[in-house]
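Biologist: Hi, I'm new to this one. Could you walk me through it?

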Amino acid sequence: MIKVLVTDKLSEQGMEVFTREKDFQVEEHLKKTPEEIKKILPGFQAWVIRSGTNATADLIQSAPDLKIIGRAGVGVDNVDLEAATKRGIIVMNTPDGNTISTAEHTVAMLMSMARLIPQAMQSLREKKWERAKFTGCE
């Protein structure tokens, strides 16, 4: 049995990846302080974090059974890579996890710029309705 600690909120689909594996014992401990995490970590072989948790050297040292730290997201800037490497702990992330959301957001921002939505919104906040100014029909 592999004990998996999750200290940041994952989507339902993300949690399902772990909970459907019969060889994983998954525990969620969300919104914990570093001191609380330090008490929880011993005995876990895997640790899943997002951007809300920092895997510091102190926390890594407190987990003698830890074999892997998985960052659900881009980058591993919140993981002390030197401390993990010294302990032989594998550190991985999911760099492609947000590509669709990022693309959607980029297209939305381009549309917003093309249609002058921020300017139109400001005009409305000022209790004006300058429709022609923002539709190119002046």
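Modeller: We'll go through the pocket, the salt bridges, the aromatic rings and a few backbone details. Keep in mind that this is a predicted model.

Biologist: Okay, pocket to begin with. What volume does the largest pocket have?

Modeller: The volume of the largest pocket is about 530 Å³. Its lining is made of 24 residues, and the ones nearest the centre are Leu 10, Arg 71, Ala 72, Gly 73 and Thr 94.

Biologist: Which elements give two or more residues to that lining?

Modeller: Those are strand E1 (2–6), helix H1 (12–19), strand E3 (46–49), strand E4 (68–71) and strand E5 (90–93). E4 has the largest share of the lining, with 4 residues.

Biologist: And how does the lining divide into nonpolar, polar and charged?

Modeller: There are 14 nonpolar residues, 8 polar and 2 charged in the lining of the largest pocket.

Biologist: Switching topic: how many salt bridges turn up in the whole structure?

Modeller: The search finds 4. One of them joins Asp 58 and Lys 38, at 3.0 Å from N to O. That pair links distant parts of the chain, since Asp 58 sits in helix H3 (residues 57–61) and Lys 38 in helix H2 (residues 34–40), 20 residues apart.

Biologist: Are Asp 58 and Lys 38 buried, exposed or something in between?

Modeller: Asp 58 is partly exposed, at 45% relative accessible area. Lys 38 also counts as partly exposed, at 35%.

Biologist: Which residue does Lys 86 form a salt bridge with?

Modeller: Lys 86 pairs with Glu 82, and their closest N and O atoms are 3.3 Å apart.

Biologist: How far apart are Lys 86 and Glu 82 along the helix?

Modeller: They are 4 residues apart in helix H4 (residues 81–87), so about one helical turn separates them. In general, an α-helix has 3.6 residues a turn, so residues three or four places apart point the same way. Lys 86 counts as exposed at 66% relative accessibility, and Glu 82 is exposed too, at 54%.

Biologist: What about Arg 20, which residue is its salt-bridge partner?

Modeller: Arg 20 goes with Glu 16, with the closest N and O atoms 3.7 Å apart. Arg 20 is exposed, at 56% relative accessibility, while Glu 16 is partly exposed, at 44%.

Biologist: Now the rings. How many aromatic pairs does the search find?

Modeller: It finds 1 aromatic pair in the whole structure. The rings belong to Phe 18 and Phe 24, with centres 6.3 Å apart and planes at 35 degrees, so the pair is tilted.

Biologist: Why is it called tilted?

Modeller: Because planes under 30 degrees apart would count as stacked and over 60 as edge-to-face, and the rest are tilted.

Biologist: Is Phe 18 buried or exposed?

Modeller: Phe 18 counts as buried, at 18% relative accessibility.

Biologist: Last topic, the backbone. Which residue with a positive phi follows H5?

Modeller: Leu 116 does, with phi near 55 degrees. Leu 116 lies in the loop between H5 and helix H6 (117–125) and is partly exposed, at 31% relative accessible area. H5 itself (residues 99–114) has 16 residues and spans 22 Å from its first C-alpha to its last, close to the 22 Å expected at 1.5 Å a residue.

Biologist: And where is Lys 31 found?

Modeller: Lys 31 is in the loop between strand E2 (24–28) and H2. Lys 31 has a positive phi near 55 degrees without being a glycine, and Lys 31 is exposed, with a relative accessible area of 83%.

Key
Residues numbered from 1 in each chain as written. Predicted model: local features only at pLDDT ≥ 70, side-chain atom pairs only at ≥ 80, totals over all residues. Heavy atoms only, no water. 1 Å grid on protein atoms, 1.4 Å probe; cavity = no way out; pocket = protein on both sides within 12 Å on 5 of 7 lines; lining within 4 Å. Points joined across faces, edges and corners; volume = space filled by probe spheres on them. Nonpolar A, V, L, I, M, F, W, Y, C, P; charged D, E, K, R; others polar. Salt bridge = Lys/Arg side-chain N within 4 Å of Asp/Glu carboxyl O. Buried < 20%, exposed > 50% of the residue type's maximum accessible area, 1.4 Å probe, protein only. Expected span 1.5 Å × (residues − 1). Phe/Tyr/Trp six-rings, centres within 6.5 Å; stacked < 30°, edge-to-face > 60°.
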